[in-house]
Structures are given as C-alpha cells and as structure tokens.
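Hi everyone, thanks for making time this morning. Please have the sequence and the model open while I talk.

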Amino acid sequence: MLQKIVLWTHKRTSNWQQMPDWLSSLLVILLAFLIGALFIIAIGASPLAAYGALLRAAFGSVNGFAETMIKACPLLLAGLGISLAYRAQFWNIGAEGQIYAGGVCAAIVGLYLHGLPTFAHITLTLLAGMIGGALLGFFPALFKVRLGVNEMITTLMLNYVVIQVVAYLLHGPLRDQASGITISPQLLKSAWLPIVVERTRFHLGVLLAVGLALLIHWFIYRTVLGYQIRASGENRRAARVGGIRVNWVIIWTVLLSSALAGLAGAVEVSGVQHRLVEDFSPGYGYLAIAVALLGNLEPVRVIFSSILFAALLNGADAMQRAAAVPVPVIYVIEGVVIVLVAVSIFRRKGSL
Amino acid sequence: MLDQIFSVVFLTGFLAATLRMATPILITALGEMIAERSGILNLGIEGIMVLGAFVGFWVSYQSGDLWQGFLWGGLAGGIIGALMGIVSVRFHANQIVTGLGIWILCQGLSSFLNRRIFGISSVRPQLPTLPAIPIPGLSKIPILGETLFNQNIIVYGTLLLIPLFIYFLRQTSWGLHLSAVGENPRAADAAGLRVEWIRFLATTFGGMMAGWGGAYLPIAFYGLYTDDLAVGRGWMAIAVVAFGRWSPLGMLAGALIFGASSALQYRLQAMNFPLPYQFLLMLPFLITLIFVVLFVRGGGGPAALAKPYIRTQSE
C-alpha cells in the first residue's frame, strides 16, 4: 500500500522535489493515522469513535485545550533542542534524560532558595534546569568530538542512569516525609510559573516556549553560529575547509540542544507538577524526536507538530475510555510517523 | 562482604549468569553484524528485541510450547527487519531516522498488544523457562563446568553459531558477496551482484536474529514479559558489533562484558549489597557507557555503512 501511495504522489507531483514540504508532512500525518486506524480495527474497535474521543478530549473544551498546550510545551522545547542537534548531525536521543536532569536541578533551586522575589526565583529555577540538561549533554558531545564515540549509545545510556538517580533522590534525600508516596515537597510558591488562563493549568511556560521557537528560527537563519550549525550538518568536510571550527560548533549546538531539553523538564516541574515526581515525563524526550522530525527540523513548524503529539498524549486516555483502545497506540503512530518522515522528507536532502 | 564476593560459589554463579545474559546480546549482535556488513545500519534492533520478546512470550503462553514461541519471536523480528530493508533499500531512506522510527514503533506495538491481550493487572502470567541441560561428565568440572556445560540449549546453540559465522564470512562466496556489497556497492553491482536484494536479505536476517535475541529473554531467562524487559540490550548489541570490529570472536568478547555487567547487578542484588538498589539497577547502563567511551571509538566498519545505494546516479 505504502508503495502505491508513494508512486501515486510521485506521478501527481511528477517529481519528488516539487512536492512542497508542508504537503508531504500532511501526507505523513494522514498515513500515520490511517495505519493507526488499521491497528484499532484489528483489535475490533472503531477508529472513528476512537479518534473522535481523542479530538474531543484534546480540543473540545477550554480546559482540554489548555491541557493539550501544557503538554505541547515540554514537547516543543525538547523538540527545538533535538532539531538543533540533528541539524548539526548529532543524533541526540538523550532528551529524556536531559529532561529529568533539568527537572531535578529546577526542583532543588525551587525547593531550597528562600527569600527571593518571584521573578528572580522563577528565572533561577528555569536557568538551573537548563544548566542541568546542558551538563548531561556536554559529555556525550565531548566524547563524540574528542574520541569519536557514538553519541546515540552514550546519550541513551545516560537516560537510564539519570532516571535511576532521580528515583534514588526521591526515595532518599528529596523525599517528602509527610507523604506516603515518593514525591518531593512542593516547591516554594515563588518558583511557580504563573497561570495565564484562569481556572486551567495553562502556564506562562507555553508562551515562553513559542517565543523561543521564533527566537531559534531567527538564530538558525540569521546568526553566524546558526549558519555554522547548518553548514556543519550539511557537509562536515566542506565546513572544515571553509574555516568553520566544526568541533566547537558541535559542542555549542549540543549544549544548546540539551539545555532546551533541560528547560522542558524545569517547565514541567515549575509550571505543572510544582514538585519533583517520579516518571514526571511520559516519554516527552522520545516523542520530541518525532516532533522535531515531523516539523522537518524547522522551529516554527515544530510548534505545530508539538501540538499534534500533545493532543495525542492528552486524548489517549479518553480514547481508551471511549473505545477501549490501549494508550500505547499513540507510540505506534509516533513510530510510523518517524519511518514515513525518513522515507519522504529526508529523501530529498540527499546525505541527511 | 568482600570474602563473599571472592568465594567460589559466587564466582561460579556469576560466570554462569554472565554467559546466560551475554547470549541474547550475542544473538542480536550477530544478526546486526550481517546487516551492517551489507551496508545497512539497523538501529531499530532494540525495538525488534522487545517485539520478539513479546511475541515469543505470547505464543509460548498460548500454545504451551516454548519452541513455538521462540520460532515466532524470530519470525516477527524478520518481518520488521524486512520492513527496515524495504524502506532503506527500496526508498533509499535515511537509515538513522528509519531505525529510530522502527525502535519506537516496535516498542509501542509490543506495549499496545500486551495491554490488549494481558491487560494491566499486576499478576503476570508466568512461563516455565527452558531447562538447563548439563553435559554428562564435563559439567562436573569445578567453576568452568557449571559455566560452560550446564546451560540451556539456546546458549549452546549460540556458541556453536560463532564458528559457523566465521566459516560463512571467510569461506563461502555468499559471505564474500555480503562484504563486497557493504564495502563498495557500485563495484559489486558492476560485478553482477544484486546489491539491493542482498541488502534486503541481510537486513531481514538481522531482524530475525534480533527477534530471537528478544524471545530468549522471556523463554530462557525471566519466564514473564514486561515492557521494559529488553531495555537497552539492543543498543548494547550495536555497541558490541563495533567493539568486535564486525568479527564474531570479537563480538563474543564484547557480549560477555555486557553479560557480566547484568550478571553483576543480579548477584549484588541477591546478596543485599549495601548500595541503594537504584544504583544497582543503573549498573549495566553505567558500565556500558564507560565501556563504550573507553573502547568503542569511531572509524572502521564497512565503507558503505548507512549510505543508501542509488543505482542510476553517479557518485
């Protein structure tokens, strides 16, 4: 079937290169949902009922929309980070660990820095998250540049290590003794991101993330470092010959990338959970890979793909209740999206 | 505590567990090596292992026959390997991105099916695992006997695969064709080899082996299935291939090191080692990380690895 559709689009557009990016992205989404529907039919449920419940839960009410947006926020931030890294051909799959590292550092600052005005405390909390994420990204980048160590293995292994460190902290030093479960005490009120839409959990971090997406768009296309990142990714040797210090560029890119993922963790802790919780990320770091790729690594488009995956995440429970479709179907759709992106969009970019 | 670690009983149990834990990684790595030698980097084998583990468990549970489960685990892996092959060979897709997609797709699929079939109850169905088959006489040798000659049949089979693979790669024309396609597809094509077909077959075979590597876990080791059963082992297999420089013997050494790190975790857990248990859980990953940084560096490998071969274009 896949081949037929590809051939059909091939004929229609007469040439792959002529199909606009956005059209192929839309086709990818459509196909992924169709394949998801096949799985839903296979278990004897109705895809229309399932997707209907999903959409209603994700966009059907002010509160549902707000919940979608607060899930889009960490996806967008981590997705932006991944976009930067992948543009430089650094295959960071450690965003999940970087999110947890950022969350821990933000929680520590939010818990223990007393007597600060709100603005300063929030800023420091988010900054701590960025530093935490960046620290975790720094070593894989260094090993890659200095020793040629495969970054995929190092960043992924760090995910498992960091998640256990968080579990340890929550069972020991950071644990709220008054609570029966393994969570930290609440952050000081001055470290909470303010709510923007009344009576929902829509917090300022969402707007911050969208603003950052625009800023990063400008950064990639209008600054020297942005140009160097693109050049290093397109062709390492040519960039080197052209006088770009590729190794430096890679380290800076990865620092930025993992700082953004760390910020995603910080925003989740300071804007949504208000404390450190075990498993506070439902796989944001892995979903963000699909978010970045579906957005074709373009910051502005990543905004839209992050909302799409946030809607999936937010509506999945409703879909399970309404149509008895198990939640993990969204990860099936996620995987299909990535494979299809590999077939369609990246094809035209030759080496990438 | 220390005299406990250096006792004969501990050592025997540790070495035997090392080989048992190295086996699934080695099976998967051998398959991945074949795919990589043909020029296809399949990063999805972590997910394929998970799917193989689920299918293996499910079929064993339904049929009551562990061998049927094992067989189907490999077949499921082969189907996904074929998908990887079609996407990367026929459509010339970026192999890194495709591999990531296959990884996430298979994990989602296994967890989807697991929820649908076994629900989310905390009581998990259990399987009897494959029994150890002591080899008469040899298994009585102290320490070594227990390690090498008192294992389940898949462990023996995997060890026998190593000379077989060496023979295949060095002595058969198929083995040489495989390397030719991975080193220089254009020359191989000019010499009349069917590059796309060979790559497709190699990737399918790699997927099948990863499916078996995954199916080993519930069938020969744990006796149950959870979504995080295989966690990290596929990536360890990828590291093992590079560590072993794409040769079966080197990969055996790498797989044993990763097997040892898992075995150490279980042994320390069993003897109540005075370290928070989260640190024991992260031990295999931490050891992998340190090991990769120290010993697995870039370079080497088939020249055309992860490069799509497009017949009509000139380079």
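A word on ground rules before that. This is a predicted model, so to speak of local features we need pLDDT of at least 70, side-chain atom pairs count only at pLDDT 80 or more, and totals for chains, interfaces and linings use all residues. Residues are numbered from 1 along each chain as its sequence is written, chains are lettered from A and ligands numbered from 1 in the order in which they are written, and side-chain values use heavy atoms, with hydrogens and water left out.

Let's start where the chains meet. How much area do chain B and chain A bury between them? About 4,100 Å², with 82% of it on carbon and sulfur atoms; buried area here is the accessible area (1.4 Å probe) that two parts lose on being put together, summed over both. On the chain B side, B:Phe91, B:Ile104 and B:Phe112 lose the most area to chain A, and together they make up 17% of what that side buries. In residues, the contact takes 43 from chain B and 48 from chain A, where contact means heavy atoms within 4.5 Å.

On chain B, helix 4 (66-90), helix 5 (95-118), helix 11 (233-243) and helix 13 (277-295) each supply at least two residues of the side that touches chain A. Helix 5 of chain B gives the largest share of that side, 15 residues. Helices (H or I, at least four residues) are DSSP runs, numbered from the N terminus.

Now the core. The largest nonpolar core has 208 residues, and those with the most contacts inside it are A:Tyr86 and B:Trp235. By that I mean a set of buried Ala, Val, Leu, Ile, Met, Phe, Trp, Tyr and Cys residues joined through side-chain atoms within 4.5 Å. Buried is under 20% relative accessible area, exposed is over 50%, and partly exposed is in between (1.4 Å probe, protein chains only). Leaving aside neighbours within four places in sequence, B:Trp235 is in contact with residues of both chains, among them A:Ile93, A:Met152, B:Leu43 and B:Trp103. There is also a second, separate core of nine residues, including B:Phe10 and B:Leu268.

In one of them, A:Arg201 pairs with A:Glu67, the closest N and O atoms being 2.9 Å apart. A:Arg201 lies in the loop between helix 7 and helix 8 of chain A and A:Glu67 in helix 4, so the pair ties together parts that are 134 residues apart in sequence. A:Arg201 is partly exposed at 37%, while A:Glu67 is buried at 13%.

A:Glu298 and A:Arg87 meet at 3.5 Å, N to O. They are 211 residues apart, with A:Glu298 in the loop between helix 12 (284-294) and helix 13 of chain A and A:Arg87 in helix 4 of chain A. Both are buried. A:Glu151 and A:Lys144 meet at 3.0 Å; A:Glu151 is buried at 3%, and A:Lys144 is partly exposed at 24%.

Last, a few single residues. A:Gln98 sits in helix 5 (residues 95-112) of chain A. Is A:Gln98 buried or exposed? Buried, because its relative accessibility is 2%. Its contacts, leaving aside neighbours within four places in sequence, include A:Asn92, A:Gly133 and A:Ser258.

And some backbone: most residues other than glycine have a negative phi. A:Arg199, however, has a positive phi near 60°. That residue is in the loop between helix 7 (151-171) and helix 8 (204-222) of chain A, and it counts as exposed at 80% relative accessibility.

Thanks, and I'm happy to take questions.

Definitions and conventions. Salt bridge = Lys/Arg side-chain N within 4 Å of Asp/Glu carboxyl O.
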